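Here is a short report on a two-chain model.

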Amino acid sequence: MADEQQCIFCNIASGKIPAKSVYSDDKVNAVLDINPASDGHILLIPKKHVMLMAQMDDELASHMGMISKQLSHSLIRSLKVDGVSIFVANGPAAGQRAPHFMLHIIPRKKADEIALAPPAVKVDSALNTAAYKKLAVSLAKLTGKEPPSFDDKSKGEEKKDEKKSEPKSESKQDAKPAPKQDGKSDKGSFKSSLDEITDFLMGGKK
Amino acid sequence: MTDCLFCGLIAKKANVLYEDERVFAMLAPEPAAIGHIVVLPKQHAPIFESVPDFVVSDLFRIANKASISIFEALGAQGTNLIVQSGESAGQRHNHAMVHVIPRFENDNLPIGWNPSQTTPDQLAKMESAIKEEAKSVGSFEKEKPKPIEQEKPKEVPREDLRIKQLRRRP
């Protein structure tokens with residue numbers, strides 16, 4: 001595909017653009033970041049052109065996880081660091097800059113000024129509970145499991161049936177950028193903010 | 001382990017979102033955002049590197065689904081996955097976990113770093129040091145198959161060892 005030929009990270013992953021590779025197999029290439037957060041910062045790049053982790057199948061997601069664990073171990077042993085951060089940014093709002101997915105494996109030292117600890121934020125507990133129910137239903141659908149039983153079970157069941165009757169979601173909808181019309185998407189039924197983000201990443205490249 | 005906060009939460013099924021034999025996903029007890037999920041191995045492991053490969057495989061499979069559900073159910077504009085190994089990486093609990101954090105434009109979460117400049121010499125030095133240790137990367141430990149109870153014969157008729165000895169051919 002034209003996309004993949006133009007994608008810098010596809011070319012780095014395949015070795016067409018030379019990079020300092022520390023591990024490679026048929027699915028991934030692990031290269032050193034030329035603008036590292038710290039010395040030894042590894043980018044684990046899938047050879048398949050995916051923009052977001054969501055576009056990976058289970059096998060690739062699992063593979064990326066296992067390789068990142070082992071590479072993290074290699075960093076601890078070779079660089080004698082006392083910590084490692086594994087980091088993924090899905091979408092520009094999360095800090096993603098390239099239109100090709102990658103996983104960062106970053107050697108850490110005390111007081112190194114790298115901010116990769118989830119900050120503790122005071123969240124509204126009612127909103128968090130509402131989010132919990134939506135997530136439980138969605139995750140159950142994705143994994144083919146029964147959602148956990150909620151305290152007010154009937155409400156949870158209702159939501160599953162008719163998702164439209166959620167007054168709170170309207171303000172959020174307004175804040176979203178309008179989906180681009182030019183970006184063709186063949187996964188019409190997969191309706192979520194994921195499509196918009198994919199469009200955005202594509203648009204950024206053109 | 002009873003003195004591990006997260007082993008306790010897993011046992012209580014606190015805010016459970018997903019559970020199977022090896023993996024547990026829950027709403028984070030100390031969230032960075034509404035809908036922040038943590039995915040943990042059920043078997044206690046102090047750091048990510050001590051979690052067996054086949055469990056890490058499940059952790060990432062479920063973390064990816066957790067991330068998708070954050071997009072779909074919460075309409076998030078992004079997600080961060082974070083694993084912290086060691087105190088210098090900010091790890092605060094003695095139980096390995098994968099954080100999956102919903103992100104929105106201008107949520108101002110302080111997550112990131114300032115990229116630095118490096119030299120070709122320094123990169124080459126790092127490459128050779130890491131490559132040497134990364135030689136074993138790519139071979140994964142699998143779960144040991146559970147012993148099949150039924151096929152284990154409980155009482156084997158024992159032949160007298162002395163007779164067996166006699167039958168053996170030189």
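The text below covers chain A, the interface and the ring pairs.

This is a predicted model: local features need pLDDT of at least 70, side-chain atom pairs count only at pLDDT 80 or more, and totals for chains, interfaces and linings use all residues. Residues are numbered from 1 along each chain as its sequence is written, chains are lettered from A and ligands numbered from 1 in the order in which they are written, and side-chain values use heavy atoms, with hydrogens and water left out.

**Chain A.** Chain A has seven helices and five strands. Helices (H or I, at least four residues) and strands (E, at least two) are DSSP runs, numbered from the N terminus. Along the sequence the pattern reads α-α-β-β-β-α-β-β-α-α-α-α. Of the 206 residues in chain A, 49% are buried. Buried means under 20% relative accessible area, with a 1.4 Å probe and protein chains only.

**Interface.** Chains A and B bury about 7,400 Å² between them, 64% of it on carbon and sulfur atoms. Buried area is the accessible area (1.4 Å probe) that two parts lose on being put together, summed over both. The contact (heavy atoms within 4.5 Å) takes 84 residues from chain A and 82 residues from chain B. Five salt bridges cross the interface. The rule asks for a side-chain nitrogen of Lys or Arg within 4 Å of a carboxyl oxygen of Asp or Glu. Lys65(B) and Asp58(A) form a salt bridge at 2.9 Å, N to O. On the side of chain A that touches chain B, H3(A) supplies the largest share, 19 residues.

**Aromatic pairs.** Rings of Phe, Tyr and Trp (its six-membered ring) pair if their centres lie within 6.5 Å; planes under 30 degrees apart count as stacked, over 60 as edge-to-face and the rest as tilted. Over all chains, the count is two aromatic pairs.

| Pair | Centre to centre | Angle between planes | Class |
|---|---|---|---|
| Phe87(A) and Trp113(B) | 5.5 Å | 80° | edge-to-face |
| Phe48(B) and Phe60(B) | 6.1 Å | 45° | tilted |

Phe87(A) sits in strand E4 (residues 83–90) of chain A, and Trp113(B) in the loop between strand E5 (98–103) and helix H3 (120–133) of chain B, so this pair joins two chains. Both Phe87(A) and Trp113(B) are buried. Phe48(B) lies in the loop between strand E3 (37–41) and helix H2 (53–74) of chain B, and Phe60(B) in helix H2 of chain B, so the pair ties together parts that are 12 residues apart in sequence. Phe48(B) and Phe60(B) are buried too.

Terms used:
Buried < 20%, exposed > 50% of the residue type's maximum accessible area, 1.4 Å probe, protein only.
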